[in-house]
Amino acid sequence: MQLHRDLGVLAIRLAFGYQLISGAWGYASSPSVKMPEFMGYLGTIGFPFPTVGAYLAIYTELIGGLLWVLGYQTRLASAFLLINFTVAVMLAHVSIGDSYEATFPSLNLWVISLFLLLNGAGRYSLGEWLHQRRWQ
């Protein structure tokens, strides 16, 4: 039973970590092209400090996704991602009356962040491997 649970957590970490990395990579790898568009969007919905918010969101998602994939500092990454997606859901979707369908991707990542915050990375993770090596 535990094996199935750990494989499930691994699958969640890899799938959603990859989603975060691939979504943020375009912004992080060429910020002069994509970031102005994101900053502009944040400005139009009344987000305070849209430049700071855009960079914080993108790099939180990029680094958080990488940490999820590795299974290292998963709870810490999840805490930051939970904050990130709380802001995304509330300010970028709910406050503007966005549809459930449009809100779903951010809401989905909010739920996954909460799950990983509460459950950790599981057995198949860099964090667990380092922990085992330390105590041998």
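Colleague: At roughly what angle do the axes of helix α1 and helix α2 cross?

Modeller: First, a word on the source: this is a predicted model, where local features need pLDDT of at least 70, side-chain atom pairs count only at pLDDT 80 or more, and totals for chains, interfaces and linings use all residues. Residues are numbered from 1 along each chain as its sequence is written, and side-chain values use heavy atoms, leaving out hydrogens and water. Axes are lines fitted to C-alpha atoms, for helices over the stretch in contact, with angles from 0 to 180 degrees between N-to-C directions. Here α1 (residues 2-29) and α2 (residues 31-44) cross at roughly 110°, and their axes come within 6 Å. That makes α1 roughly perpendicular to α2 (the class for 65 to 115 degrees; under 35 is roughly parallel, over 145 roughly antiparallel, the rest oblique).

Colleague: Which residues make the contact?

Modeller: Contact means heavy atoms within 4.5 Å. From α1 come G26, Y27, A28 and S29, and from α2 come P31, K34, M35 and F38. They divide into five nonpolar, two polar and one charged (Ala, Val, Leu, Ile, Met, Phe, Trp, Tyr, Cys and Pro count as nonpolar; Asp, Glu, Lys and Arg as charged; the others, Gly among them, as polar).

Colleague: How many helices and strands does the protein have?

Modeller: Both are DSSP runs numbered from the N terminus: helices are H or I, at least four residues, and strands are E, at least two. This protein has six helices and zero strands.

Colleague: How many salt bridges does a search of the whole structure find?

Modeller: Side chains of opposite charge can pair when their charged atoms come close. The criterion is a side-chain nitrogen of Lys or Arg within 4 Å of a carboxyl oxygen of Asp or Glu. The search finds one: R123 and D6, at 3.4 Å, N to O. R123 lies in the loop between α5 (100-119) and α6, while D6 is in helix α1, 117 residues apart.

Colleague: And which residues make the nonpolar surface patch?

Modeller: L66, L70, Y72, L126, W129 and L130 make this patch of about 510 Å². Patch residues have over 30% relative accessible area and no salt bridge; like charges are joined within 9 Å, nonpolar side chains (Val, Leu, Ile, Met, Phe, Trp, Tyr) within 5 Å. Areas come from the Shrake-Rupley method with a 1.4 Å probe, and for residues only the protein chains shown count as cover. Helix α6 gives the largest share, three residues.
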